[in-house]
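Let's take a walk through a protein fold together. Have a look at the picture first, and then we'll go through it piece by piece.

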Amino acid sequence: MRQFYRAVLLDDDHRLIGYVEPDTQLEEHAWIGNHAVQGIERLLSTPARVVWARQRIGRENLYATAASVAPLVPPEHGCTGRYVLNHDQLGYVDKATVRENAARRRVHPLPMLTAEGGADLHPLAGKWAHDRISVGDNVPAGFELWKFDVAELHQFQ
């Protein structure tokens, strides 16, 4: 069964700020250039804790808990940055280096790296979940480049 996800933003103390509902399954929106993901990127001009929370029917989890607060409305317009930055692990991914798959789509590192569920999705999935993430055009000193080489989303089911 394919799962639905919502992007959940938390403050430094892990309290809910809000969520964004992409209204599609993960494999349908986790691409560079997707309008919903770009909106979420625009919310991350300053660091926030991010989790792409997975729906789990019949179980209380972050996906369900997030619905207790108002959904966030991402800005429709504006620039998104080249780099996805992890301020807790001092790492970053350069979106410009993400390679295309056979369908000429590029997996977006933000949903993948912050996806709740971890290794059952992909070895990189969830490695940045709950970390302070921002998106920008500059990499702070001391941050290390993460190799992000995920061309397919067939693991997301």
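Which residues have the most contacts inside the largest nonpolar core? Keep in mind that this is a predicted model. That core has 28 residues, and the ones with the most contacts inside it are Ile40, Leu44, Trp52, Leu110, Met112, Ile133 and Phe148. Strand 1 (5-10), helix 2, strand 3, helix 4 (109-113) and strand 6 each give two or more residues to this core. Apart from it lies another core, made of eight residues, including Val8 and Tyr63. As a rule, nonpolar side chains in soluble globular proteins tend to be buried together.

Now zoom in on tryptophan 52. Leaving out neighbours within four places in sequence, tryptophan 52 is in contact with Ile40 and Leu110, among others, and also with Tyr5 and His29.

Arginine 49 stands opposite arginine 132 in strand 6.

Last stop: is glutamate 41 buried or exposed? Glutamate 41, in helix 2 (residues 35-43), has a relative accessible area of 3%. Buried means under 20%, so glutamate 41 counts as buried. Its side chain makes a polar contact of 2.5 Å with the side chain of lysine 95. Glutamate 41 also touches residues including Thr80, His108 and Val135.

Conventions: Residues are numbered from 1 along each chain as its sequence is written. This is a predicted model: local features need pLDDT of at least 70, side-chain atom pairs count only at pLDDT 80 or more; totals for chains, interfaces and linings use all residues. Side-chain values use heavy atoms; hydrogens and water are left out. Helices (H or I, at least four residues) and strands (E, at least two) are DSSP runs, numbered from the N terminus. Buried means under 20% relative accessible area, exposed over 50%, partly exposed in between (1.4 Å probe, protein chains only). A polar contact is a pair of N or O atoms within 3.5 Å; within protein, one must be able to donate a hydrogen and the other to accept it, and residues adjacent in sequence count only if both atoms are side-chain atoms. Contact means heavy atoms within 4.5 Å. Two strands pair if DSSP finds at least two bridges between them. A nonpolar core is a set of buried Ala, Val, Leu, Ile, Met, Phe, Trp, Tyr and Cys residues joined through side-chain atoms within 4.5 Å.
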